[in-house]
Every structure is written in C-alpha cells, then in structure tokens.
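Reader: I'm new to reading protein models. Could you walk me through this one, feature by feature?

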Amino acid sequence: MELTLTISELSEKTGLSIDTIRYYEKIGILPSPHRKSNGRREYTSGDLERFIFITHLKRTQMPLKEIDRYIQFYMDQDYEGCYQVLHKHKEDIEMQMAEMSMALEKMNYKLDNFKSLVADQNGKRS
C-alpha cells in the first residue's frame, strides 16, 4: 500500500501553506488529489515529489505560468517541451547567480572600504 498524506502533512513536508497547496490545485498547476470517502484530500508520495519540485522552481523565481507550462508538457509526455522549459530556467538561474556574484563582490568592496574609513576615523579620535 502506497504512503498517503493529508494536506496538513503535505504542507509540513513541503513548507507550503495549505492555502498555497489548494491554490495550486485550483489553478491547475497540479491535478486535484484523490479524496477519501469522507471527502478529505489524500496525497501520494508522487504528489509530494511534484510539490517539492514546484517549490524548488518557485524558490528560483520561475513564474507560475512557466511552471504550468512545464507541468502540461509533463502530463502530455512531451519530454522535449519539459527539457526546453527547464533548460531555459537553468540558464536564467545561472544568469541570476552571476549577477548575485557581481553584486556580492561590490558589496564586499564597499564593506572593506567602510571598514577602512571607520578604522581611520577611530584612529583620528584617539
């Protein structure tokens, strides 16, 4: 028997709020889960993996529209489409990382400069 999770357990394991999980289902990012006889959502380990992957995509600034495109390609078994969406996003991440690296270098330069200025200023006060 496959592991099943409640929406609360899925929320805890993914870090997504229950409202976000319901929203993703509502807009079709993921299909509605199977429901128990009492009407409660029941998620599988496959659902958990998909939600975790979506959280990784969101953390790397992939828009929901692109996540939806990727999911649709996946559901249609259009693996070339999946590859193209993910490859483009990988390139975007690499560009973001390069920009962040340059910003960090500039920040470190400024911090070193201010550290030197503070030391000089403190030396003059003595």
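**Reading the model**

Author: Let's begin with the overall makeup: over residues 4-73 the chain is 60% helix and 11% strand, and the end C-alpha atoms are 26 Å apart. Helices (H or I, at least four residues) and strands (E, at least two) are DSSP runs, numbered from the N terminus. This is a predicted model, where local features need pLDDT of at least 70, side-chain atom pairs count only at pLDDT 80 or more, and totals for chains, interfaces and linings use all residues. Residues are numbered from 1 along each chain as its sequence is written, and side-chain values use heavy atoms, with hydrogens and water left out.

Reader: Which UniProt annotation covers residues 4-73?

Author: The unreviewed UniProt entry gives "domain: HTH merR-type" for residues 4-73. UniProt positions are in the numbering used here, feature names are shortened, and annotations may be inferred rather than shown by experiment.

Reader: What is the average pLDDT of the chain, and where is confidence lowest and highest?

Author: pLDDT is the predictor's confidence in each residue, from 0 to 100. Where pLDDT is low, the predicted coordinates should not be read in detail. Here the chain averages 92, and 98% of the residues score at least 70. Confidence is lowest in strand β2 (residues 34-35), with a mean of 87, and highest in α5, at 95.

Reader: How do I check the span of a helix such as α3?

Author: Take 1.5 Å times one less than the number of residues; that's the expected span. For the 15 residues of α3 this gives 21 Å, and its end C-alpha atoms are 21 Å apart, which agrees.

Reader: Which residues of α4 are buried, and where do they sit around the helix?

Author: Buried means under 20% relative accessible area, exposed over 50%, and partly exposed in between (1.4 Å probe, protein chains only). In α4, the buried ones are Ile67, Tyr70, Ile71 and Phe73. Seen down the axis of α4, they fall within an arc of 160 degrees, so they line one face of the helix. That arc is taken from the directions from the helix axis to the C-beta atoms. As background, an α-helix has 3.6 residues a turn, so residues three or four places apart point the same way.

Reader: What covers the buried residues of α4 and of α3?

Author: Contact means heavy atoms within 4.5 Å. For α4, the cover includes α3 and α5. For α3, the buried residues include Gly46, Leu48, Phe51 and Ile54, and their cover includes β1 (4-5), α1 (7-14), α2 (18-26), β3 (41-44), α4 and α5 (79-125).

Reader: How many aromatic pairs are there?

Author: Rings of Phe, Tyr and Trp (its six-membered ring) pair if their centres lie within 6.5 Å; planes under 30 degrees apart count as stacked, over 60 as edge-to-face and the rest as tilted. By this rule the count comes to 4. Phe53 and Tyr70 make a tilted pair, 5.6 Å centre to centre with 55 degrees between the planes. The pair links distant parts of the chain: Phe53 is in helix α3 (residues 45-59) and Tyr70 in helix α4 (residues 64-75), 17 residues apart. Phe53 is partly exposed at 31% relative accessibility, while Tyr70 is buried at 12%. Ring pairs also link Phe53, Tyr70 and Tyr74 into a cluster.

Reader: Is Glu25 buried or exposed, and what does Glu25 touch?

Author: Glu25, found in helix α2, counts as buried, with 7% relative accessibility. Not counting residues up to four places away in sequence, Glu25 touches Leu30, Pro31, Pro33, Arg41, Tyr43 and Phe51.

Reader: What about the loops: where is Gln61, and what is the phi of Gln61?

Author: Phi is a backbone angle to look up residue by residue. Gln61 lies in the loop between α3 and α4, and its phi is near 70 degrees, a positive value in a residue other than glycine. Gln61 is exposed, with a relative accessible area of 57%. Now look at the loop between α4 and α5, where Gln77 is found: its phi is positive too, near 55 degrees, and Gln77 counts as exposed at 56%. Asp76 lies in that loop as well, exposed at 58%.
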